Amino acid sequence: MPRMLPARPRRATAVCAAIAAAGALVLAGAPGSASAQTDPAAAPSPAVSAAVGETSPQVIAAMRRDLGLTSAQAEARLVNEAEAGADAGALRAALGRDFAGAWVRGATSGTLTVATTDAADVPLIESRGARARVVPHSLAALDAAKDRLDRAAKRTATRDAPVWYVDVRSNAVVVRAVKTSAAASLTSAAGVDSSLVRVERTKDRPKPLYDLVGGEAYYMGGGRCSIGFPVTKGTQQGFATAGHCGRTGTATTGYNQVAQGTFQGSVFPGRDMAWVATNSQWTATPYVKGQSGQRIGVEGSTQSPVGASICRSGSTTGWHCGTVSQHNTSVTYPEGTISGVTRTTVCAEPGDSGGSYISGSQAQGVTSGGSGNCRSGGETFHQPILPLLSQFGLTLKTTGDGPGPGPGPEPGGTWATGKVYAAGDTVTYGGSTYRCLQGHQAQPGWEPPNTPALWQQA
């Protein structure tokens, strides 16, 4: 039975007014920015400071270039997307089986839409300042249909129907096909009701982006890929990258051709994830290589919603931005099918594989593959960072790292730094129970009472 939530209207208008009045929006200590908190009603909530954090000027500049935004719009967009993530997470928990997805739209992501299968949920959705859409299929039903397609793909040729995903905006499982007959064969083999599926024609055949560099280049024999995000595993340092770049045991050298490390784990196809443990000459830092070599700080790993802005770092094509099209996408490469990747409108070219995707200051994933290029346009798929961290027991290196407690139970309860939490997970802290609203890896200072964007008291 859905429960009531306290009303909290969306703040796009108030945030934009605050930016206009103050000249810039303070994003958790962004240097050289003026305070936008001239009006308490317009000030970003604590949820925003947790999920947005410090945003690099290079990210803002890339969003201006690729999304056609002003600096004020880019800053407002990041604020609105952080608020939307918290609101959508709370509504997902409240609507239960009725929930059918959520997305943002508009230049500043000022409009959050939440879909439900029950018209009786509309007042609850609108009480959070979101728009409601009543649809026939729940997100659970669409996810279940996609899971059946994933299983069928193991025994059915999908080279001519290479991409499928849950599209919450159209309330359907979309199969993108070079040949419609291939989409029909996959759907039939999966036993999925045709009312749940929408077929889109495409000429693209995605492939892994070998010889790619995201933040910094690294080399494996005759190949080249890129560091995604620096990580640690206990005292061992290393980095996350794409699984198609190397197999377990593959040796790597760095951008300077100095011996660097060895692949400790690699999954591809199925997923596209790997990590490399480096030798003592290399030190993990909480940064991504930005425009002109400038460093972009990584503060955490809160996943951005569909429609949100996202930027990618690649040594071949540099910084490029776009938006999140869909999560939980499956794509067939010549080597096989991978599932659970995120589809974006960001372009990439050979030389960008394994590289970093970041929204604001939040790590999103590592480059897997795509189609098109950065001259005529394209799309890419990235392996989300949270499943990668969880798969290999890694901890993301962030700007907030310090001499705090490592992963493990905290004195306040079951919540633990370094642990990956998914939406819906519950923990205890300080004698209270909390429910996770947005997937993330817990960082020092992100305790449940301090981060309402991430946790709701149950």
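This is a predicted model: local features need pLDDT of at least 70, side-chain atom pairs count only at pLDDT 80 or more; totals for chains, interfaces and linings use all residues.
Cysteine 311 belongs to strand 17 (residues 309–314) and cysteine 321 to strand 18 (residues 318–333), so the bond ties together parts that are 10 residues apart in sequence. Both ends count as buried: cysteine 311 has 2% relative accessibility, and cysteine 321 has 7%.

A search of the whole structure finds 3 disulfides. Another of them joins cysteine 225 to cysteine 245, with an S to S distance of 2.1 Å. Here the torsion about the S-S bond is -85 degrees, and the link is left-handed. Cysteine 225 sits in strand 9 (residues 223–226), while cysteine 245 is in the loop between strand 11 (236–241) and strand 12 (251–254), so parts 20 residues apart in sequence are tied together. Cysteine 225 is buried at 1% relative accessible area, as is cysteine 245 at 7%.

Cysteine 347 and cysteine 374 form a further disulfide, S to S 2.0 Å. Its torsion of about 100 degrees makes the disulfide of cysteine 347 and cysteine 374 right-handed. Each of these cysteines lies in a loop, cysteine 347 between strands 19 and 20 and cysteine 374 between strands 21 and 22, so the pair links parts that are 27 residues apart in sequence. Cysteine 347 is buried at 9% relative accessibility, whereas cysteine 374 is partly exposed at 21%. With the bonded cysteines numbered in sequence order, the pairing reads 1-2, 3-4, 5-6.

Turning to the overall fold, the protein has 8 helices and 28 strands. Of its 458 residues, 58% are buried. Among contacts between residues at least 6 apart in sequence, 61% join residues at least 24 apart.

Strand 25 is joined to strand 26 (residues 432–436) by 4 bridges, and threonine 428 stands opposite threonine 433 in strand 26.

Among the helices, helix 4 (residues 71–95) contains arginine 77. This residue, arginine 77, counts as buried at 6% relative accessibility. The arginine 77 side chain reaches the backbone oxygen of glycine 307 at 2.8 Å. Residues touched by arginine 77 also include Met63, Leu67, Thr108 and Thr323.

Conventions:
Residues are numbered from 1 along each chain as its sequence is written. Side-chain values use heavy atoms; hydrogens and water are left out. Helices (H or I, at least four residues) and strands (E, at least two) are DSSP runs, numbered from the N terminus. Buried means under 20% relative accessible area, exposed over 50%, partly exposed in between (1.4 Å probe, protein chains only). Contact means heavy atoms within 4.5 Å. Two strands pair if DSSP finds at least two bridges between them. A polar contact is a pair of N or O atoms within 3.5 Å; within protein, one must be able to donate a hydrogen and the other to accept it, and residues adjacent in sequence count only if both atoms are side-chain atoms. A disulfide is a pair of cysteine sulfur atoms within 2.5 Å. Lists of a residue's contacts leave out its neighbours within four places in sequence.
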